[in-house]
Amino acid sequence: MAPRLARLKLLLAFSVGFAVCTACVVLTGASRSPVEPIPQSELDVYYPGTESLAPDEMRIVALGTGMPSVRPKQAAACWLVELGNGDKFLFDIGSGCHERLAAQKIPYDYLDKVFIGHLHVDHMGDLPSLWLGGVVMNRLEPLRIWGPSGGTPELGTAHAMELMEKMYAWDIGTRSGVVDFRGGELQVTEFPFDGINAVIYEENGVVVRSIPAVHGLDGAVGFILEWNGLKFTYGSDTIPNKWFVEHAKGSDVAIHECFLPPTLLVTKQGFAPQEALMVGTQGHTAPEQFGKVMAMVKPRLAIGYHFYNDFDTEPEVRDRVRKTYDGPLDLALDYMVWNVTKDDIRVRMSAVDEEVWPSPPLKKKIAPDTGSAIAFSKFTISGALPLTEVVQPIFDEVNEKYGTKVEPLFK
Ligand SMILES: [Zn+2]
Ligand SMILES: [Zn+2]
């Protein structure tokens, strides 16, 4: 009798459940209009440029979570932090991240603050693209860059930026007299790499501090951003270190590198075993080490990044992290988005508009003085075909439409 009664109860439970469930579907269906958009709160995906930030809210967007060798799925290190007060910050600007940044549909004037953790190409490779490409994409504000000193002046951020400006002399030369170049100005702040929780930025209620990292050479750091009672910590690249463990405590979100385990570096990436051990645990942080760090820090959310995050790597990385850490965890992919408030952390993936265009300029553009354009040699001028019969009508059309009086350079 008893088993039969149990079966009956089960059947009854199913029936009630089904009835309740059906009611739910009917109710939900009735509550959604067939002609109105889905409410923002029900969207499972983040659509850049469509959501307000609350005054107490922080949005973090992963724009590069992979390796120095970028691939369509993952660019190299880059993190965008957007605050409810309107401020936006970039932490690292690694190779390939600029197109992910473009997908956020943010006017470039707002993307004027970049903090570089160290001078590896996978943490600064897209800086020239943001700097000079940004000029063409309507940034009219100088680009502000913060980065650490090195063991010698030649290994510091200021020297690297000085050389970058020299390296792009030709690019800069082509733009003078052609575009409004105010956004081409670089403002570089080099701070000591050995500052411990040292304030390197303090504006508009936002404080950014640096902590030393142990990675590569002297001259690698991590960052801590605090605003409105929220704390974001980003380790950039480092092996586990005491400064991160001590100063990341109390973080709402703590991001630290989490490399592939050495065995996968051998089998998937062709490393020699010795190389995999050295790179994977002594130059970078293996998943078990990452877990240990987060177990000590205990953030509201731990985020690991800096590995090829695929269906056949993520489970092993996660298992290994779980040997040493059982707290809240995300293993980042490009376009992951976190909305952070004191009460909640919501994670979603971001939709990508592959045909995104740059936002219009926020300030009125100043027409360049064409007289300041670098002159070509007689040789190059001799090769230009003015094609006046087709070019002059184009000038006439634009001059008439916008009330300008511009003449072609080549006649
Ligand atoms: Zn590095
Ligand atoms: Zn790196």
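Helices (H or I, at least four residues) and strands (E, at least two) are taken as DSSP runs and numbered from the N terminus. The structure is a predicted model, in which local features need pLDDT of at least 70 and side-chain atom pairs count only at pLDDT 80 or more, while totals for chains, interfaces and linings use all residues. Residues are numbered from 1 along each chain as its sequence is written, and chains are lettered from A and ligands numbered from 1 in the order in which they are written.

The secondary structure of the chain amounts to 13 helices and 16 strands. Along the principal axes, the C-alpha atoms fill a box of roughly 105 × 60 × 45 Å. Of the 411 residues in the chain, 37% are buried; a residue is classed as buried if 20 or more other C-beta atoms, placed from the backbone, lie within 10 Å of its own, as exposed if 12 or fewer do, and as partly exposed in between. Contacts were assigned to residue pairs whose C-beta atoms, placed from the backbone, lie within 7 Å. Among contacts between residues at least 6 apart in sequence, 66% join residues at least 24 apart.

The largest nonpolar core contains 87 residues, a nonpolar core being a set of buried Ala, Val, Leu, Ile, Met, Phe, Trp, Tyr and Cys residues joined through C-beta atoms within 7 Å. The members that touch the most other members are Ile60, Leu63, Trp79, Val81, Leu90, Ile93 and Phe115. For Ile93, the contacts beyond its neighbours within four places in sequence are Cys78, Val114, Ile116, Met124, Asp126, Leu127 and Leu130.

Two helix pairs were examined. Two packed helices are described by the angle between their axes and the distance between the axes. The axes are lines fitted to C-alpha atoms, for helices over the stretch in contact, and angles run from 0 to 180 degrees between N-to-C directions. Helix α8 (residues 262-269) packs on helix α9 (residues 273-283) at an angle of about 130 degrees, and the two axes are 8 Å apart. The arrangement of α8 to α9 is therefore oblique, given that angles under 35 degrees count as roughly parallel, over 145 as roughly antiparallel, 65 to 115 as roughly perpendicular and the rest as oblique. The crossing of α8 past α9 is right-handed; a crossing is left-handed if the near helix is turned anticlockwise from the far one by less than a right angle, and right-handed if clockwise. Pro262, Leu265 and Val266 of α8 form the contact with Pro273, Ala276, Leu277, Val279, Gly280 and Thr281 of α9. By class, this contact of α8 with α9 comprises seven nonpolar, two polar and no charged residues, where Ala, Val, Leu, Ile, Met, Phe, Trp, Tyr, Cys and Pro count as nonpolar, Asp, Glu, Lys and Arg as charged, and the others, Gly among them, as polar.

In the second pair, helix α10 (residues 287-297) and helix α11 (residues 314-322) pack at about 45 degrees, with axes 7 Å apart. This angle makes α10 oblique to α11, and α10 passes α11 in a right-handed crossing. Pro287, Glu288, Phe290 and Gly291 of α10 meet Val317, Arg320, Val321 and Arg322 of α11. The residues of this contact of α10 with α11 divide into four nonpolar, one polar and three charged.

Within α10, the buried residues are Pro287, Gln289, Phe290, Gly291, Val293, Met294 and Val297, and they pack against α7 (242-247), β12 (253-257), α9, β13 and α11. Val297 is buried because 21 other C-beta atoms lie within 10 Å. Apart from residues up to four places away in sequence, Val297 touches Val245, Ala248, Lys249, Ser251 and Ala254. The C-alpha atoms of Val297 and Glu246 are separated by 7.3 Å, although the two residues are 51 residues apart along the chain.

Most residues other than glycine have a negative phi. Lys298, which follows α10, has a positive phi near 55 degrees. Asn197, in the loop between β7 (186-191) and β8 (198-203), also has a positive phi, near 55 degrees. With 12 other C-beta atoms within 10 Å, Asn197 is exposed. In Tyr335 phi is positive and near 75 degrees; this residue is found in the loop between β14 (329-331) and β15 (336-340). Tyr335 is buried, with 23 other C-beta atoms within 10 Å.

Definitions and conventions
Contact = placed C-beta atoms within 7 Å.
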